[in-house]
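Take a look at the structure below.

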Amino acid sequence: MKEQFTISVFTENHIGILTHISIIFTRRHINIDSITASETEAQGIYRYTIVVTETRDMVRKVVKQIEKIIEVFQAYYHTTKEIIHQEIALYKLPIKAIAQGAELEKVLRQHNARILTVETEFLIVEKSGHKEETQVLLEQLEPYGVIEFVRSGRVAIIKPMWRFNEGLHEMEKNPEVTLA
Amino acid sequence: MSEVETTKSISTDFKDSSDLMVPHSSKTIRVTGCEAVVKSLLAEGVNTIFGYPGGAIMPVYDELYKNRDEIHHILTRHEQGAVHAAQGYARVSGKVGVCIATSGPGATNLITGIADAYIDSTPIVCITGQVGSHLLGTDAFQEADVVGITMPVTKWNFQVTKAEDIPTAIAKAFYIAKSGRPGPVLLDITKDAQFNEIDFEYKQCKKIRSYIPVPTIKMNKIDEAAEIINKAEKPFVVFGQGIILGRAEKEFKQFIEKGGLPSAWTILGLSALESDHPLNMGMLGMHGNYGPNKLTNECDVLIGVGMRFDDRVTGDVTRYAKQAKIIHIDIDKAEINKNVKTTVGIHADVKEALPLLTNLIKSRTHAGWIAEFHKLQQIENEKIIQSEVFPIQGKLTMGEVVRIISEKTNGEAVIVSDVGQHQMITCRYSKFKQSKSNITSGGLGTMGFALPAAFGAKIAAPERTVVAIIGDGGIQMTIQELGTILQTNVNLKIVIMNNNYLGMVRQWQELFFDKRYASTYMINPNFVTVAQGYGIESKKIESRDNVAQSIQNMLDHDGAYLLEVIVGKEDNVFPMVPTGASVEDIRLE
């Protein structure tokens, strides 16, 4: 049975890792729902968060193949229940939306969204949340004439306390430390 | 690809002058990037390189020329020849094979061999030249994104754009290629990096913090496996190249001998266990032996050692050894539970894991169970083997030729086969006494592999007889390498099994496509004349009367020899597990 998995990959900062990881998904015809990458709390070590909808068995195989990439430290996969995750969405609305006053304010309040900036012709609304939540806001903002909409990939923190990050800090302090 | 750029690329990447003022430590010397390449190779103990020059790699070639007494560079006739030769060299010697090519087409011509080395876990380091770093990404002359192209088929690759990165990149390349599950590594070095100067100091790479080549064994897994083996009544071992790559031939033999474990090999595992060992039950897979295939689905415990349950070995995987508990020992974690679901997966180096397991298993003989293999072997002997290797009428068969070669070399030769019917026949009927003696393209099935790989094997083991057995199709894919033999005077024996067909494809067309022989019939050149054109002694034989003597003459000849054998046009290889069938449905006709 297919379900949504969030894969976390910890890597060196090395050109080409993203391509290398994505080739592994492409070979098996797995569509990536979303992907994000950035530096972790340990300098020089990067974290990729990849969301896919697949069977557990397939995800397990893919994760092991990702771990074969020389510059990858570790890769993990989790179901949605095992993580806290978030996405950010930005909405560009015409300035005339403000003229509708209280109504827009109500929508933004309900969704816990905020106005990032107001320019002469447009304003930018920001909301973070799960995809379904940012999607609902999009639908409710449509009547105001959404000019542009963008949503980030998922970022996720894993709920179980784990020791991997301790290893990260040790590696940061001492380049001789290997991740066992 | 000997096109040479008309304008010499000028190094633009000099370090600023203050760098030059830094006093050099006693350990370092000032060298150019290309000198650093050659010094690094020497530091890794490299004395043989296969390659082909061209514009972007010329600085390195200039250094190789200056160091020609220390590094023997062999000029092949095509870059594919160079990479296959490096593979053959690595497979026979156990050392890392090295090949070198220029940018663009030189590098892309390596791809087939790199992919072959990747799927067959062969340690090679490929060095390619690249356009100057200021030209990268501009579609410059002979620029190809080789790092991008080879990413899915290398264990590691890296583009060096700064001369100072050369020693560490080469050190990493050799370490990665040979450690853990071996594989091909490619280094792409820009021309400016070859020209710029650095302070050279070489340190061998001993570890990489994100890479764990040899896992720590979990003892509980060994205990579990031993318990299962000790309870087994019909245990069966299937082994692969991991035994050879892990140099664990001795440990493996002790393991199966103590446990009385009948064992069968994948074609890459062939020669890890001597052919006449009483526990050697023969070949697995599509054209493997009758007993090992049939009994895979009757054993109660299946033990995979240093192999990866390839689809050519398992047949229909949903009907593969379902009745058995499966133990799988492999150094590559991604192989465990990839194709076959295991009861116990042991992620380990076989050389470490096998003695631990041997300690815990009971001494057994399993005579009754082994007799079942012998019974099926008897059936196969009568129905197939006898008429294939000792025919009394009709055209020559590939099987009798392989048998005679094996007899006349006393099972001590390195046998290199290409891909197709003759490959299956060669693996089925060659007998071996020592490891690292059977060289073939197993995973990728690369036609054209054998001639250059055999050449590389002979360079690695000049004291051994090396016989390349090749079909009439495969030989023509890399026939230009006869020129390499001409230039180097290498004493290589080449046997062409000529049936004027792409025989394996034709066999499938006969069996599964109602004999519609689409594009498999071949009108061939006069191979004897071709060989003679390259100064290679040659003979063509068709008759059973002189086959043994002709093979003897070939082996006795002091120098390279090409023997063309005309075999039955529409002979088939049996037994056969048709695609999609289960191993137990193996066909004898």
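The centres of domain 2 of chain B and domain 3 of chain B, taken over C-alpha atoms, are 31 Å apart. The model is a predicted one. These two domains also touch: 13 residues of domain 2 of chain B are in contact with 15 residues of domain 3 of chain B. On the domain 2 side, six of the touching residues are nonpolar, three are polar and four are charged.

**Chain B as a whole**

Chain B is split into domain 1 (17-200), domain 2 (219-372) and domain 3 (390-566). The chain holds 24 helices and 20 strands. Its C-alpha atoms fill a box of roughly 80 × 60 × 40 Å along the principal axes. How does the radius of gyration of chain B fit with that of a compact globule, and what are the two values? A compact globule of 589 residues would come out near 25 Å; chain B has 25 Å, so the two agree.

| Helix pair (chain B) | Axes come within | Crossing angle |
|---|---|---|
| Helix 4 (79-93) and helix 19 (450-460) | 6 Å | roughly 45 degrees |
| Helix 12 (249-259) and helix 15 (350-360) | 9 Å | roughly 25 degrees |
| Helix 17 (398-408) and helix 24 (547-556) | 10 Å | roughly 45 degrees |

Start with helix 4 and helix 19 of chain B. Their axes cross at roughly 45 degrees, so the two helices are oblique to each other. The crossing of helix 4 of chain B and helix 19 of chain B is right-handed. Residues of helix 4 that take part include Gly81(B), His84(B), Tyr89(B) and Arg91(B). Among their partners in helix 19 are Pro452(B), Phe455(B) and Ile459(B). By class, this contact has 11 nonpolar, six polar and one charged residues.

Next come helix 12 and helix 15 of chain B. Are they roughly parallel or roughly antiparallel to each other? Their axes cross at roughly 25 degrees. Angles under 35 degrees count as roughly parallel, so helix 12 of chain B and helix 15 of chain B are roughly parallel to each other. Helix 12 of chain B passes helix 15 of chain B in a left-handed crossing. Helix 12 brings Glu251(B), Phe252(B), Gln254(B), Phe255(B) and Lys258(B) to the contact, and helix 15 brings Lys351(B), Leu354(B), Pro355(B), Leu357(B) and Thr358(B). Five of these residues are nonpolar, two are polar and three are charged.

The last pair is helix 17 and helix 24 of chain B. Their axes come within 10 Å. Helix 17 of chain B and helix 24 of chain B are therefore oblique to each other. Their crossing is right-handed. Glu400(B), Val401(B), Ile404(B), Ile405(B) and Lys408(B) of helix 17 meet Val547(B), Ala548(B), Ile551(B), Gln552(B) and Leu555(B) of helix 24. Here the classes are seven nonpolar, one polar and two charged.

Chain A is assigned domain 1 (2-84 + 155-173) and domain 2 (87-151). The C-alpha centres of these two domains of chain A lie 31 Å apart.

Where does chain A touch chain B, and with how many residues? In all, 18 residues of chain A are in contact with 15 residues of chain B. Helix 1 (17-27), helix 2 (56-67) and strand 4 (72-79) of chain A each give at least two residues to the side that touches chain B. That side of chain A has eight nonpolar, five polar and five charged residues.

Definitions and conventions: Residues numbered from 1 in each chain as written. Chains lettered and ligands numbered in written order. Predicted model: local features only at pLDDT ≥ 70, side-chain atom pairs only at ≥ 80, totals over all residues. Contact = placed C-beta atoms within 7 Å. Helix = DSSP H or I, 4+ residues; strand = E, 2+ residues; numbered from the N terminus. Nonpolar A, V, L, I, M, F, W, Y, C, P; charged D, E, K, R; others polar. Domains from an automatic or database assignment. Axes fitted to C-alpha atoms, helices over the stretch in contact; angles between N-to-C directions. Parallel < 35°, antiparallel > 145°, perpendicular 65-115°, else oblique. Left-handed = near helix turned anticlockwise from the far one by under 90°. Rg over C-alpha atoms; globule rule 2.2 N^0.38 Å.
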